[in-house]
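Here is my note on the model, point by point. Please keep the structure open while you read.

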Amino acid sequence: MLRKKVDMKEYKSYFRSSVDALAGYAPGEQPKMLDLVKLNTNENPFPPSPAVLGALESFDATLLRRYPDPMADSLCSAIAEVNQVTRNMVVAGNGSDDILTMTFRAFTAPDKPVAILDPTYSLYPVLAAMQEAPVIKIKLDENNNFAMPEDILEQAKGANLLIITRPNAPTGNSFPKENIRKIASEFDGILFIDEAYADFADDNCMDMVHEFSNVIVSRTSSKSLALAGLRFGYAVANPVIIDGLNKLKDSYNMDMITQKLAEAAVRDQEYLQTTVAKVKSLRTELATELKKLNFELVDTQANFIFAAPPDGDGEKAFRFLRDHAVIVRYFPGGVTGKYLRITVGTAAQNQRLIEVLKKLYQ
Ligand SMILES: *Cc1c(COP(=O)(O)O)cnc(C)c1O
């Protein structure tokens, strides 16, 4: 049968109307400029563990003719060990974005809304739109270090899934653990705690998976483990939830190389702690320098700083930095438009950033 020729004027869309309406996720840019100081996507400025390189070098490429282990069993066992949970409480994903995709497939629908913080990670509304699920946005208090509102449970009522990003992005602040515990016990739905940045924080909620059957905790290798290019994240929850997520995942979502390298990274906790300590100390130094330039800083527990320049014009600062080959993240719009989200880089990178900012604000 002959297909109709493509004539854009007459083009009839066969997409679901929700797909036509979808803007799609806008990832941070990955520019090709040389000599660029790249502080825009919260990657780790340090390399991954040498154990990862070792695993790559010893990988037998002839094995690639076979399918990988669909359940990534060896990797998931390592994750379970490190987090002191049982193997049946773990699922691995192709990045934690993959974990989020499974979660939205599982718990959201046109009659099953999701509640998220505002501002937060901009992928969540995109995943909700794919499910045609309503989104309830819970405004954080800009004048109080982006704290959660006291009536969060009231606002989240009716949602089937509540996502708390802790530490939050792009703001970087955390929330008192006692509040999270209270939400977990009283919220009638799944509480998904996105811990992409937890390794840089004072505490985390991993122990809550033993306490509450409705809690999912997710982690990623993209930030603290310095493996954004590998694509690996995981979720921990009670075995019934993990069983459900396993039904919804792509059957071979973890390729053979990723399984092997991710396991090497996860097992090298000592290297992880060393790298995290370095990033945290650089974070303190960078915060001090930004304050000297009269930037207003949100208290951060992540590997980035959400900071407003003295004139409150985030866009101007973003463009000026970009013209000087320093890339940070800028989110246009009401509250976020006043700020820059600056990834903590190496000492030299942070210094370049500060030097450029001095031209503007000193
Ligand atoms: C970076 C990030 C992720 C995604 O991590 P990947 O594993 O790279 O997909 C998830 N949640 C938050 C809040 C993030 O900042």
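1. Strand β7 (residues 215-220) and strand β8 (residues 233-236) run antiparallel and are joined by four bridges. Within this pair, Ser218 has Ala235 of β8 as its bridge partner. Strands (E, at least two residues) and helices (H or I, at least four) are DSSP runs, numbered from the N terminus. Two strands pair if DSSP finds at least two bridges between them.

2. A word on the source. This is a predicted model, where local features need pLDDT of at least 70 and side-chain atom pairs count only at pLDDT 80 or more, while totals for chains, interfaces and linings use all residues. Residues are numbered from 1 along each chain as its sequence is written, and side-chain values use heavy atoms, with hydrogens and water left out.

3. Now the whole sheet. Seven strands form an open sheet in the order β2-β8-β7-β6-β5-β3-β4, and the pairing is mixed. From one strand to the next, the twist averages 25°. Strands of a sheet pair through backbone hydrogen bonds, either parallel or antiparallel.

4. Look at the helices on this sheet. Helix α7 (residues 177-186) lies across β5 (161-165), β6 (190-194) and β7, and runs at about 150° to β6. Helix α9 (residues 239-248) packs on the sheet and touches β2, β6, β7 and β8. The direction of α9 makes about 30° with that of β2. Axes are lines fitted to C-alpha atoms, for helices over the stretch in contact, and angles run from 0 to 180 degrees between N-to-C directions. Contact means heavy atoms within 4.5 Å.

5. Next, the ligand. Which residues are closest to the ligand? They are Ser96, Tyr197, Thr220, Ser222 and Lys223, out of 13 residues that surround it. A residue counts as near a molecule if one of its heavy atoms lies within 4 Å of it. A polar side-chain atom of Thr220 is 2.5 Å from an oxygen atom of the ligand. For Ser222, a polar side-chain atom lies 2.6 Å from a ligand oxygen atom. The side chain of Asp194 has an N or O atom 2.7 Å from a nitrogen atom of the ligand.

6. Turn to the other strand pair. Strand β10 (residues 304-308) pairs with β12 in the antiparallel sense, over four bridges. Phe306 stands opposite Arg341 in β12. In β12 (residues 340-343), both faces are covered. Leu340 and Ile342 are buried on one side, and Arg341 and Thr343 are buried on the other. Buried means under 20% relative accessible area, exposed over 50%, and partly exposed in between (1.4 Å probe, protein chains only). In a regular strand the side chains alternate between the two faces of the sheet.

7. Check the cores. The largest nonpolar core has 88 residues, and Ile164 and Leu353 have the most contacts inside it. Helix α11 (residues 269-292) gives the largest share of this core, seven residues. A second, separate core has 24 residues, including Ile99, Phe192, Ile216 and Ile241. A nonpolar core is a set of buried Ala, Val, Leu, Ile, Met, Phe, Trp, Tyr and Cys residues joined through side-chain atoms within 4.5 Å. Among the residues that Leu353 touches, beyond four places away in sequence, are Leu39, Leu286 and Ile342.

8. One glycine deserves a look. Gly345 sits in the loop between β12 and α13 (347-361). Is Gly345 buried or exposed? Gly345 is buried, at 1% relative accessible area. Not counting residues up to four places away in sequence, Gly345 touches Leu39, Pro45, Leu282 and Asn350.

9. The bond from Asp118 to Pro119 is cis, with omega near 5°. Pro119 is in the loop between β3 (114-118) and α5 (123-130). The bond from Arg166 to Pro167 is also cis, with omega near -5°. Pro167 lies in the loop between β5 and α7.

10. Last, the phi angles. Ala72 is not a glycine, yet its phi is positive, near 45°. Ala72 is buried, at 1% relative accessibility. Asn294 has a positive phi too, near 65°. Asn294 is exposed, with a relative accessible area of 57%.

How values were computed: Polar contact = N/O pair within 3.5 Å; in protein donor to acceptor, adjacent residues only side chain to side chain.
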